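This report is an introduction for a reader who has not seen the structure before.

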Amino acid sequence: TPEHLDEWIGAAKATLGDRVFVLGHHYQRDEVMRWADARGDSFRLSVLAQERPEADYIVFCGVHFMAESADILTADHQQVVLPDLNAGCSMADMADIDEVTEAWESLADVVDIERVVPITYMNSSAALKAFVGEHGGAVCTSTNAKAVLEWALAKGDKVLFFPDQHLGRNSGYAMGYTEDDMRVWNPRLELGGLTEADCKDATLLLWKGHCSVHQRFRPEHVEAFRAEHPDGIVVAHPECAREVCELADQVGSTDYIIRAIEAAPPGSTIAVGTEIHLVNRLNEETPDKTVLSLDPLVCPCSTMFRIDAPHLAWVLESLVEGRVVNQITVDPETTTWAKVALERMLAIT
Ligand code: 13P
Ligand code: SF4
């Protein structure tokens with residue numbers, strides 16, 4: 001029963017004390033989030049893990065790429081655990097190292113590759129973070145994508161951005177670029193489905209990836225909300241399509257969305273374009289404001305949803321028994337280069 005699970009988790013956490021640090025991404029279910037020692041967006045959680053060297057075990061309630069980033073950034077003695085190994089990210093899976101290497105090689109045949117800077121969104125495998133580290137690029141998050149792209153375009157002429165085309169496009173627009181400066185790279189097609197002239201002309205080559213949760217939000221949702229709540233506020237995550245971000249009042253990462261709701265005047269009605277667990281939690285935790293999903297029919301992120309109380313109880317109980325289950329490890333070479341890419345991002349921002 002839920003009560004038994006709570007007892008089980010509570011007892012295991014108490015036994016482990018400071019040796020365990022439980023991190024909860026904002027999209028996690030409440031039954032998991034209540035046990036998190038820290039909540040945050042994907043980037044903040046990895047940084048927090050680094051600041052807890054006394055914790056031998058980092059239990060990351062989030063998705064696979066986040067646990068990998070925590071493993072890259074934490075000390076060698078720290079072990080990172082993902083309560084369900086099936087908690088991946090469909091967007092991160094849209095770019096793999098073989099496809100990106102192939103894209104890079106075919107691009108090298110048509111443009112001066114020394115002038116191309118690869119940038120990967122945090123939502124990507126450790127192998128891709130290492131790829132950008134090794135090829136002079138950096139990682140970015142939804143908070144700092146614009147600053148990282150500005151850095152990249154100060155040192156090169158062109159960026160190959162993966163995996164999320166929407167974050168790339170929204171950041172490009174925020175920098176003053178237009179659709180003419182951007183091309184979408186389709187990894188299933190030769191030369192990304194582009195002509196040589198396209199590759200030469202484009203400043204931003206945007207990988208054809210997307211988040212299936214955020215891509216569901218449409219301009220019609222913004223219009224319907226505004227018709228019903230003329231004074232309402234619309235806040236969208238930059239993984240939403242350009243047409244939605246253009247109509248939103250504010251655009252930002254999950255941490256940014258939380259701050260935007262805190263800053264909204266009491267009595268406001270705010271429609272949020274992001275995962276439903278965060279939206280519902282914000283509505284419950286902010287009784288003087290009404291927080292709604294921009295899409296009334298929105299689905300949760302199915303992979304974030306995989307982490308539940310039984311999985312959390314199981315990994316914690318195993319740690320109490322001295323067994324580390326579902327450990328996420330990144331090999332030393334990948335770690336070295338991925339760290340370079342993450343540290344470049346930190347230096348830029
Ligand atoms: P944040 O970096 O804003 O936490 O976003 C992570 C994510 O997966 C959004 O879909
Ligand atoms: Fe990946 Fe989208 Fe889920 Fe975030 S919400 S973890 S980008 S699938």
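## Two packed helices

Helix α7 (residues 145–155) packs against helix α8 (residues 165–174) at an angle of about 75°, and their axes are 9 Å apart. Angles of 65 to 115 degrees count as roughly perpendicular, so α7 is roughly perpendicular to α8. The model is a predicted one.

On the α7 side the contact is made by Ala 145, Lys 146 and Leu 149, which meet Leu 167, Ser 171 and Ala 174 of α8. Sorted by class, this contact of α7 with α8 has four nonpolar residues, one polar and one charged.

## Backbone features in loops

The loop between β7 (158–162) and α8 holds Pro 163. A cis peptide bond links Phe 162 to Pro 163, with omega about -10°.

Leu 191 lies in the loop between β8 (182–185) and α9 (196–201). Its phi is positive, about 45°, although Leu 191 is not a glycine. Is Leu 191 buried or partly exposed? A residue needs 20 or more other C-beta atoms within 10 Å to count as buried, and 12 or fewer to count as exposed. Leu 191 has 16, so it is partly exposed.

Asn 326, in the loop between α14 and β14 (327–328), also is a residue other than glycine with a positive phi, near 55°. With 18 other C-beta atoms within 10 Å, Asn 326 is partly exposed.

## Helix α14

Helix α14 covers residues 309–320, twelve residues in number. At 1.5 Å a residue they should span 16 Å, and the C-alpha atoms at the ends of α14 are 16 Å apart, so the two values agree. Just after α14, Gly 322 has a positive phi of about 85°.

Which residues of α14 are buried? They are Ala 309, His 311, Leu 312, Ala 313, Val 315, Leu 316 and Leu 319. The elements that cover these buried residues include α1 (2–16), β1 (20–25), α2 (30–33), β3 (57–61) and β4 (79–81).

## Ligand surroundings

Around ligand 1 are Asp 41, Ser 42, Phe 43, Met 122, Asn 123, Thr 141, Ser 142, Cys 211, Glu 239, Ser 253 and Thr 254. By class, this shell has six polar, three nonpolar and two charged residues.

Ligand 2 has 13 residues around it, of which Cys 89, Met 91, Cys 211, Val 213 and Cys 301 come nearest. The shell of ligand 2 consists of seven nonpolar, four polar and two charged residues.

Conventions:
Residues are numbered from 1 along each chain as its sequence is written. Chains are lettered from A and ligands numbered from 1 in the order in which they are written. This is a predicted model: local features need pLDDT of at least 70, side-chain atom pairs count only at pLDDT 80 or more; totals for chains, interfaces and linings use all residues. A residue is near a molecule or strand if its C-beta atom, placed from the backbone, lies within 6 Å of it. Ala, Val, Leu, Ile, Met, Phe, Trp, Tyr, Cys and Pro count as nonpolar, Asp, Glu, Lys and Arg as charged, and the others, Gly among them, as polar. Helices (H or I, at least four residues) and strands (E, at least two) are DSSP runs, numbered from the N terminus. The expected span of a helix is 1.5 Å times one less than its number of residues. Two residues are in contact if their C-beta atoms, placed from the backbone, lie within 7 Å. Axes are lines fitted to C-alpha atoms, for helices over the stretch in contact, and angles run from 0 to 180 degrees between N-to-C directions. Angles under 35 degrees count as roughly parallel, over 145 as roughly antiparallel, 65 to 115 as roughly perpendicular and the rest as oblique.
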